[in-house]
Amino acid sequence: NHCKTIAITDTPISPIGQNADLVLLVGNQSSTYFNSLTGAVSLVNCLVAGVSLKNKNSLETLKLVNEVVTEWGFLLM
């Protein structure tokens, strides 16, 4: 069996984009000198939220992780 892969990249011709089954394009341009990961992080957050809504076990796990992160004062990126 082949596991389907998803690539998150800024161009479909990137090495990872060429090898993935599904390519999600996210821009990385910002008004500063540095490239921004904000778009990619937001997309991943949406994907995780969507999966969690479909799977009760995933939602419970995310709630538990959020409680631990809040309790310990971590900032996860």
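Analyst: The side chain of Thr 9 makes a polar contact with the side chain of Ser 14, at 3.0 Å. This is a predicted model, in which local features need pLDDT of at least 70 and side-chain atom pairs count only at pLDDT 80 or more, while totals for chains, interfaces and linings use all residues. Residues are numbered from 1 along each chain as its sequence is written, and side-chain values use heavy atoms, with hydrogens and water left out.

User: What makes the link between Thr 9 and Ser 14 a polar contact?

Analyst: A polar contact is a pair of N or O atoms within 3.5 Å; within protein, one must be able to donate a hydrogen and the other to accept it, and residues adjacent in sequence count only if both atoms are side-chain atoms. The value for Thr 9 and Ser 14 is 3.0 Å, so the pair meets the distance limit.

User: Why is Thr 9 called buried?

Analyst: Buried means under 20% relative accessible area, exposed over 50%, and partly exposed in between (1.4 Å probe, protein chains only). Thr 9 has 9%, so Thr 9 is buried. In the protein chain, buried residues make up 12% of the 77 residues.

User: Where does Thr 9 lie?

Analyst: Thr 9 lies in strand S1. Helices (H or I, at least four residues) and strands (E, at least two) are DSSP runs, numbered from the N terminus.

User: Which residues form the nonpolar patch on the surface?

Analyst: The patch consists of Ile 6, Ile 8, Leu 22, Val 44, Leu 47, Val 48 and Leu 62, with about 520 Å² of accessible area together. S1 and helix H2 (38–54) each give two or more residues, and H2 has the largest share, three residues.

User: Why is Leu 62 called partly exposed?

Analyst: Leu 62 has a relative accessible area of 36%, which lies between the limits for buried and exposed, so Leu 62 is partly exposed. Its place is in helix H3 (residues 56–72).

User: How many disulfides does the structure hold?

Analyst: A disulfide is a pair of cysteine sulfur atoms within 2.5 Å, and the structure holds zero. Cys 3 counts as exposed at 60%, and Cys 46 is exposed at 55%.

Note on methods:
Patch = residues over 30% accessible without salt bridge, like charges linked within 9 Å, V, L, I, M, F, W, Y side chains within 5 Å. Areas by Shrake-Rupley, 256 points an atom, 1.4 Å probe, with all protein chains shown as cover. Salt bridge = Lys/Arg side-chain N within 4 Å of Asp/Glu carboxyl O.
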